[in-house]
Every structure is written in C-alpha cells, then in structure tokens.
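These are my notebook entries on a structure that I have not examined before. I set down what I looked up, entry by entry.

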Amino acid sequence: MDDSRQFSDDERGTECICGKSKGTRNFFCFDCYDRLPDTFAIGLYRPGELGRKTYEMCVEYLNRRERGVDYALDGMTIIL
C-alpha cells in the first residue's frame, strides 16, 4: 500500500467545491469543513488511499447535503 498522499488541484486549490475561497492547505472552506461529520474531517488527513477515499466521501456528503438528500454511511466506515 502506498502511504504517500498526492493532492489534486481540486483538493489543494484556492476554491472550495461550494465556490467559496479556501486556503491552499485546506481541503474545504470553513463552512463546508464545519458541516462534515467528525469521522470524515479526521479521516481527511490519513495517508494513502484512505485519505483519498475519505475526501471523495466528504465531497459526496456535502453535495448530497446541498441537494437536501439524506446521507447514509452504509458501507462507508472509516477506521481511524
């Protein structure tokens, strides 16, 4: 397993997925990050594939929340 963490432009750019500005060392703006469940927020900083999968789940969570869709964690357990 590769534990190195490669960050995409979306992850480390200056615009959050919601369109607000964010710091280049942050995954999301403060408002979006504050909306994340604690296990997601903590999991973002895990190395390797776990961190990448957590980022993808965070994006899905925030997009569903924006659309008003309930979000279930079925099959998406994060081991910290």
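Predicted model: local features only at pLDDT ≥ 70, side-chain atom pairs only at ≥ 80, totals over all residues.

Entry 1, a pair in a helix. I began with Glu 56 and Lys 53, which both lie in helix H4, three residues apart, about one turn of the helix. Helices here are DSSP runs (H or I, at least four residues; strands are E, at least two), numbered from the N terminus. I found the side chains of Glu 56 and Lys 53 joined in a salt bridge, at 3.9 Å from N to O. The term stands for a side-chain nitrogen of Lys or Arg within 4 Å of a carboxyl oxygen of Asp or Glu.

Residues are numbered from 1 along each chain as its sequence is written, and side-chain values use heavy atoms, with hydrogens and water left out.

I looked up pLDDT, the predictor's confidence in each residue, from 0 to 100. The chain averages 76, and 71% of the residues score at least 70. Confidence is lowest in helix H1 (residues 9-12), with a mean of 61, and highest in H2, at 93.

Elsewhere I found Glu 60 bridged to Arg 64, with the closest N and O atoms 3.1 Å apart. These two are four residues apart in helix H4, so about one helical turn separates them. By the rule used, the count comes to four salt bridges.

Lys 53 is partly exposed at 42%, as are Glu 49 at 44% and Glu 56 at 39%. Glu 60 is partly exposed at 27%, and Arg 64 is partly exposed at 26%.

I located Lys 22 in the loop between H1 and H2. Lys 22 counts as buried because its relative accessible area is 8%. A polar atom of the Lys 22 side chain lies 2.5 Å from the backbone oxygen of Asn 26.

Entry 7, the lining of a pocket. Which residues line the largest pocket? I listed Ile 17, Cys 18, Lys 20, Asp 31, Cys 32, Arg 35, Leu 62, Asn 63, Arg 65 and Glu 66. A pocket is an open set of points on a 1 Å grid over the protein atoms alone where a 1.4 Å probe fits, with protein on both sides within 12 Å along at least five of seven lines; lining residues have an atom within 4 Å of a point. The largest share of this lining, four residues, comes from H4.

Terms used: Buried < 20%, exposed > 50% of the residue type's maximum accessible area, 1.4 Å probe, protein only. Polar contact = N/O pair within 3.5 Å; in protein donor to acceptor, adjacent residues only side chain to side chain.
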